[in-house]
Amino acid sequence: MSTETHQPPESAEHGDDLAAEAAQTAAPEVLANSLGEYTRMQLRRIRSGESGALPVTIGLIAIVIYFQVRNSLFLSPGNLVNLLIQGTPFIVLGMAEVFVLLLGEIDLSVGYSGAVAAVIMAWAVFTVPWWVAILLGLATGAVFGLVFGILITRLRLPSFVVTLAGLLGLQGLMIVLVARSGHGPGGSIPISNKYIDDLTTGNLSPAAGWIVMVVIVAAAAAILLLRDRQRRAAGLVTPPVSVTLLKIVVMAVAGIVVVLVGNADRGTALVALRGVPWVVLIVLGVLVIWTVLLGRTRFGRYIYAIGGNAEAARRAGVSLNLIRTMAFVLCGLTAAIAGILLASRLGSISTDTDGGQLVLFAVAAAVIGGTHLFGGHGKMINALLGGLVVAAIYNGLGLLGLSAAATYIVTSLVLLAAVTVDALSRRGASPT
Amino acid sequence: MTTPSAADGARPASGGRAPSPAATSPAGRATQEPPLLELRGIGKNFGPVRALSDINLDIPAGKVTALVGDNGAGKSTLIKTVSGIWQPDHGQIFWQGRPVSLHSPKAATDLGIATVYQDLALCDNLDIVQNMFLGREPLKHFQLDEIGMELAAKKTLADLSVVTVRSIRQPVGSLSGGQRQAVAVAKAVMQQAQLVILDEPTAALGVTQTRVVLELIDQLSSRGIAVLVISHNLNDVMSSADRIAVLYLGRLAAIAPVEDLDTASVVELMTTGRSDRTHPVAGRAAHASSPLGSGPGSPAGGGMPGGDAMGYHRGEAP
C-alpha cells in the first residue's frame with residue numbers, strides 16, 4: 001500500500017484500472033480467489049508490518065528442531081507434556097500482560113499478584129470448598145489490578161512505577177502471608193486438595209481426550225465456516241474456501257498431535273501415565289475467552305483504539321479511564337489464574353516463588369509472540385506462542401544440562417531477535 | 001445565502017455604490033430557509049485577549065464556506081466554538097433557525113456538527129471500518145456486528161466516490177494522507193453530520209492527494225452537507241469554496257462569494273483586514289449581506305456607513 005501512488009479518478013492513463021477498482025469499491029480488497037493469491041496477500045501484509053504470529057511460529061519450529069537434534073528426548077511425549085505444564089505460567093502471565101501491553105502500559109507486578117492470589121487460595125482451601133478458594137484467589141488478583149488501575153488512571157501515575165511498587169510490595173505481602181498462615185513447615189503453604197492438584201497434574205482419560213478434541217475442532221470449524229458463509233451472503237470479501245479448509249486442517253492436526261502426545265504412555269515401567277492434562281484445556285479456555293473479548297466486543301476494540309491513538313478514542317466517546325482500569329483488572333485476574341496453576345503444579349506455594357523472574361518471562365513471552373510494547377498490536381495467541389518458545393528454551397536447555405545462566409542468556413537473545421524482527425517489519429511499513 | 005449572493009452579483013453590475021441593504025433583506029428572508037448554522041455576535045475572550053469579537057456568520061447547507069485568516073486571527077477559536085469545545089462569551093448560535101447551546105463536543109456532534117481536525121483522530125492500528133465506527137459500534141448477539149459495519153462503511157465510501165482505497169479492512173496507518181482524510185470525512189458523513197468542519201484538510205498533502213480531498217469536499221456539498229473549511233492554501237480555497245470568510249484579529253473582515261474575490265484581495269483582507277484594490281463594492285456588499293441574512297437581532301447591517309472599504313470594521317462594530 002505504502003509504495004503506491006493513488007491516481008485520482010480522472011487520470012486518463014489509469015482509467016481502466018480505476019474503473020476496475022471503482023467497481024471493486026463494492027469489494028475493494030483484492031479478491032483472493034485462490035490459495036496462491038491469498039498467500040501473496042499474506043506476504044504483503046507481513047511486509048507491511050502485520051507480521052503477526054508468523055515469525056514466532058518459525059522461531060518455535062527452529063528451536064524445537066535444534067533441541068531435538070541435540071537431544072532426542074526433547075520430543076518424547078513425557079517431555080512434551082512436561083514442557084506444556086512448565087510453560088503454563090509463562091503463557092498465562094503473558095496473556096495477562098497482553099491486556100496492558102495493548103494499551104502501551106506494562107504490569108510488572110503480575111508475578112507476585114499471581115503468587116499472592118495463590119497464597120490466598122491455599123490459605124482458604126483449608127476452610128472453604130476448593131472452588132470457593134479458587135474464586136477468592138481470582139478475586140485477589142482482580143483487586144490488585146483494580147488498585148493499580150485506579151492509581152494509574154486517576155492519579156495519572158506511570159504504570160511502570162506503580163506496578164514496580166506492586167512487585168516489591170506484593171512480594172513482601174506474600175512473605176508475610178505465608179509466614180502468618182501457620183500451615184506447614186517453613187516458608188510454604190502446602191496444598192493438599194485433590195481438585196486443585198488436578199488442575200495441572202490431572203489428565204483426561206484417553207477416550208475423553210479424543211472426544212473433547214473432536215468437539216473443539218468441530219466447533220471451531222463450524223464457527224469459521226459459518227462466519228465465511230455470512231460474509232459471503234452479505235457480499236463481502238471472504239477468504240477463499242481453500243484457506244479456510246487449510247486452517248481447519250491445521251487445527252485438526254494440532255489437536256490430533258496434542259491428543260496423541262498426551263495419550264502416549266509417559267509413565268514409568270511400573271505405572272502407566274497417559275491422557276491429555278487438564279491444564280491444556282484450561283489454557284485453551286482462557287485463550288479462547290480472552291480472544292473473543294479482545295476481538296469481538298466493544299471493550300476489546302477500545303483497548304486496541306486506546307493503544308493506537310488514545311486521543312482518537314477519547315474523541316470517539318470512549319471512557320479511557322474505565323477501559324484502562326478494566327484492562328488492569330483483567331490483567332490481575334489472569335495473573336491470579338497463572339498463580340493458581342503454578343501452585344497447583346508445585347503442590348504448594350512458597351516464599352521462594354520468584355515473581356520477578358516470572359514477570360520478565362511473561363513480558364518476554366508476549367513480546368516474543370509478536371505483541372507490540374508500545375500498544376495497539378498483539379493478540380492473546382501471541383502470548384501462547386511466545387510462552388511456548390520460552391518454555392521450550394527453558395526445558396531444552398535443562399535437558400542439555402545447561403545452567404540457569406544459559407537459559408537467561410538464550411531467552412534474552414530470543415527476545416532481542418523477536419523485537420528486531422518486529423521493528424524491521426514495522427520499518428518497512430512506515431507510510432509514505 | 002443564495003439570495004444575498006445573487007444580490008452581490010447584481011450590485012457591481014448596477015454600479016451602485018450604496019444599494020439599500022434594507023431592500024434586499026425582507027426578500028431574502030421571505031424566500032429562504034434559515035441557514036443551517038447562524039452565528040450572531042459571537043465573542044470570546046481569553047482573559048484580556050479578545051480572540052473573537054462580534055462574529056456574524058451564516059453557514060448554509062450544501063455550500064462550501066472557507067474560513068481564512070492569518071495565524072492568530074481566531075480561526076481555531078471560531079471552529080472550537082462551533083464544535084462545542086469552547087463556549088462563546090457573547091452572542092448566540094442558531095441551528096436551523098433555533099437557538100442552541102453547544103456546551104460540549106458531544107452536543108455539537110449530536111446536532112450533526114462533525115469536526116475533522118488536522119491530526120484526524122484516527123487509530124493507525126485499526127482498519128478503516130473499525131475507525132469509522134469507533135465509539136458507536138453496533139452489536140449483534142452481544143458481539144460486534146462486523147458484517148453490518150463493513151457494509152455500511154463500504155456504502156458510505158462508495159457514496160463519497162472514495163475509490164482509491166484498496167481494502168476497507170486495511171489498517172489506517174497504511175493509507176496515504178488523502179485517504180486518511182477521506183476516511184475521517186466518511187466517518188463524519190456516516191454519523192449523519194449535516195455540517196462538516198475540516199481543519200486544514202490539505203495542509204500535509206501532495207498535489208494528487210489534495211485533488212482527492214477537494215473532490216471529496218465537492219461530494220459533501222452536492223449531498224446537501226454544509227462544509228466549513230479552514231485553509232491556508234488560497235488556491236484550494238479559490239477552487240473549492242463557494243464563499244470565503246476572512247478573519248482578521250478576531251473580527252470577520254469579509255464574507256463574500258468566491259466570485260467576488262481574488263487571491264490578492266483575500267491576502268489583503270487577511271493581512272490588513274481590508275481591501276480596497278478589488279471590487280470594493282462587492283466586498284462591502286457581501287459584508288453587508290452577512291448581518292442582513294441574520295434578520296432579527298442584528299441591526300448592525302442597517303447602520304452600515306456607505307464609505308469606502310475601510311468601513312468593514314466600523315460597519316461590524318455595534
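**View 1. Strands E9 and E10 of chain B.** In E10(B), Asp199(B) has Ile230(B) as its bridge partner. The two strands, E9(B) and E10(B) (residues 226-230), pair in the parallel sense over five bridges; strands are DSSP runs of at least two residues, helices are H or I runs of at least four, and both are numbered from the N terminus. Two strands count as paired if DSSP finds at least two bridges between them. With helix H8 (residues 207-222) of chain B, E9(B) and E10(B) make a right-handed β-α-β unit; right-handed means that, with the strands pointing away from the viewer, the path from the first strand over the helix to the second runs clockwise. This is a predicted model, in which local features need pLDDT of at least 70 and side-chain atom pairs count only at pLDDT 80 or more, while totals for chains, interfaces and linings use all residues. Residues are numbered from 1 along each chain as its sequence is written, and chains are lettered from A and ligands numbered from 1 in the order in which they are written.

View 2. Five of the five residues of E9(B) (residues 195-199) are buried, a residue being buried if 20 or more other C-beta atoms, placed from the backbone, lie within 10 Å of its own, exposed if 12 or fewer, and partly exposed in between. Leu195(B), Ile197(B) and Asp199(B) lie on one side, Val196(B) and Leu198(B) on the other. In a regular strand the side chains alternate between the two faces of the sheet.

**View 3. Surroundings of Val196(B).** Strand E6 (residues 113-116) of chain B pairs with E9(B) in the parallel sense over four bridges, and Val196(B) is the bridge partner of Ala114(B). Beyond four places in sequence, the contacts of Val196(B) include Val116(B), Val185(B), Leu220(B) and Val227(B); contact means C-beta atoms, placed from the backbone, within 7 Å. Val196(B) is also among the residues that touch the most other members of the largest nonpolar core, which has 192 residues. Such a core is a set of buried Ala, Val, Leu, Ile, Met, Phe, Trp, Tyr and Cys residues joined through C-beta atoms within 7 Å.

**View 4. The antiparallel sheet of chain B.** Four strands form an open sheet in the order E2-E1-E4-E5, with antiparallel pairing. Strand E2 (49-59) and strand E5 (98-100) are the edge strands. Five bridges join E1 (residues 37-46) to E4 (residues 90-95), and Gly43(B) stands opposite His90(B).

Terms used
Two residues are in contact if their C-beta atoms, placed from the backbone, lie within 7 Å.
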